[in-house]
Structure formats: C-alpha cells, structure tokens
Amino acid sequence: MLTDPPGGRTPCVEAVNEADEKIRRSFSLELRDGAGRLRGGACGAVHETDGKRFAYLAAVTLDVGLPPSTGIALGQAPFDFLPSLGVSTVHLCTQTAD
C-alpha cells in the first residue's frame with residue numbers, strides 16, 4: 001500500500017504497454033533556460049489510423065520557480081508543433097488534473 005510521504009507528495013506509477021504503437025513515445029519537446037538547463041518538457045506518441053494522424057500527449061512537466069505564463073507556453077507548444085507532423089487530433093492523458 002502506498003501512502004503519502006511527508007510533504008504531501010503522492011507517488012505515481014504508470015503501467016502501459018510500450019509496444020502499443022498508439023502510445024510508444026515518438027516525440028519530445030524540451031524547455032531549457034538561458035544556461036541550457038532542462039526546466040520542463042512534453043512527450044507523447046504519433047500514430048496513424050485510417051489515413052489520419054493522431055497524437056497522444058502523455059506528459060507535460062515544469063520545474064518550479066519559472067516565470068508566470070511559462071506553463072501556458074509549454075502547454076501550447078505541442079499544439080503548435082504537431083500539425084507539422086500531419087497530426088489532426090491530439091488525445092490528452094491526465095493523472096493529476098482536477
């Protein structure tokens with residue numbers, strides 16, 4: 001049984017079939033600061049069904065202490081990028097959103 005450790009953080013375990021083409025990671029976006037340090041990113045998979053390309057956005061994450069609106073910009077980035085891969089629809093995965 002998993003319990004909340006001190007500090008209120010809850011462990012998250014995701015079990016998926018990485019062999020499934022619909023969710024096998026095929027793209028990642030990195031957010032780096034001016035010094036080149038990784039501060040966030042997004043990843044997911046692109047797959048094709050019946051001649052249409054779809055994306056599964058699996059994870060978006062940010063480091064703490066970034067300027068306001070950084071999360072909005074990172075959240076928009078996949079939607080700006082994926083059409084260049086021919087993606088017409090993005091499916092979102094969420095485990096922590098209300």
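Residues are numbered from 1 along each chain as its sequence is written. Because the model is predicted, local features need pLDDT of at least 70, side-chain atom pairs count only at pLDDT 80 or more, totals for chains, interfaces and linings use all residues, and side-chain values use heavy atoms, without hydrogens or water.

**Fold.** The protein has one helix and four strands. From the N terminus, the order is β-β-β-α-β. These elements are DSSP runs: helices (H or I) of at least four residues, strands (E) of at least two. Of the 98 residues, 23% are buried, meaning under 20% relative accessible area with a 1.4 Å probe, protein chains only; exposed is over 50%, and partly exposed lies in between.

**Core.** The largest nonpolar core holds seven residues: Phe 27, Ala 42, Val 46, Ala 55, Leu 57, Leu 82 and Val 87. Such a core is a set of buried Ala, Val, Leu, Ile, Met, Phe, Trp, Tyr and Cys residues joined through side-chain atoms within 4.5 Å. Strand 2 (38–49) and strand 3 (52–62) each give two or more residues to this core. Leaving aside residues up to four places away in sequence, Leu 82 touches Phe 27, Val 46, Ala 55, Val 87 and Val 90; contact means heavy atoms within 4.5 Å.

**Aromatic pair.** The ring centres of Phe 27 and Phe 81 lie 6.2 Å apart with planes at 50°, so the pair is tilted. Rings of Phe, Tyr and Trp (its six-membered ring) pair with centres within 6.5 Å; planes under 30 degrees apart are stacked, over 60 edge-to-face, the rest tilted. Phe 27 sits in strand 1 (residues 27–32) and Phe 81 in helix 1 (residues 70–81), so the pair ties together parts 54 residues apart in sequence.

| Residue | Relative accessibility | Class |
|---|---|---|
| Phe 27 | 6% | buried |
| Phe 81 | 31% | partly exposed |
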